[in-house]
Amino acid sequence: MLLADGVGPANDGRGYVLRRLIRRGMVHARRLGPASTFHRGCRSSPDCSRRLPRVKKQVDRIAEAVRSEEERFGVALRQAWSDCNLT
């Protein structure tokens, strides 16, 4: 809903809350298996959110924003993991 309202992942305010929600969802998706991706669920979200016109029109944009944040978080995790393995 935040993405449909024009809020994007950011380092402060509503954008930060959104970023944390996306990343938490990603962590839970990875628990399902290494091939699980969170952004795929955006296109197959429950019918309740797809009934809203502003969400239905922006499903692809929303999924792309989540995919992009998923990539950024993956890079951050890999970087943190490689930093831990150097010692």
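Predicted model: local features only at pLDDT ≥ 70, side-chain atom pairs only at ≥ 80, totals over all residues.
## The overall picture

## A look at helix α1

Helix α1 runs over residues 13-32, which is 20 residues. Here's a quick check you can follow: at 1.5 Å a residue, the helix should span 28 Å, and its end C-alpha atoms sit 30 Å apart, which agrees.

Now look at which parts of α1 are tucked away. G15, L18, R19, I22, G25, M26 and A29 are buried. Seen down the axis of α1, these buried residues fall within an arc of 130 degrees, so they line one face of the helix. On the other side, G13, L21, R24 and R31 are exposed.

What covers the buried residues of α1? Part of the cover is α5, residues 59-85. Just after α1 comes G33, with a positive phi of about 155 degrees.

## E69, a buried residue in α5

E69 belongs to helix α5. Is E69 buried or exposed? Its relative accessibility is 2%, and buried means under 20%, so E69 counts as buried.

Who does E69 meet? Its side chain makes a polar contact of 3.0 Å with the side chain of R19. Setting aside neighbours within four places in sequence, E69 is in contact with P9, R19, I22, R23 and M26. Two of the names there, I22 and M26, will come up again in the core.

## The nonpolar core

In soluble globular proteins, nonpolar side chains tend to be buried together. In this model, the largest nonpolar core has 11 residues: L3, A4, V7, L18, I22, M26, V55, I62, A65, V66 and F73. Helices α1 and α5 each supply at least two residues of this core, and the largest share, 4 residues, comes from α5.

V7 is one of the core members. Leaving out neighbours within four places in sequence, V7 is in contact with L2, R14, G15 and L18. L18 is in the core too, while G15 is one of the buried residues of α1.

Note on methods: Residues numbered from 1 in each chain as written. Heavy atoms only, no water. Expected span 1.5 Å × (residues − 1). Buried < 20%, exposed > 50% of the residue type's maximum accessible area, 1.4 Å probe, protein only. Arc of directions from axis to C-beta. Contact = heavy atoms within 4.5 Å. Polar contact = N/O pair within 3.5 Å; in protein donor to acceptor, adjacent residues only side chain to side chain. Core = buried A, V, L, I, M, F, W, Y, C linked by side-chain atoms within 4.5 Å.
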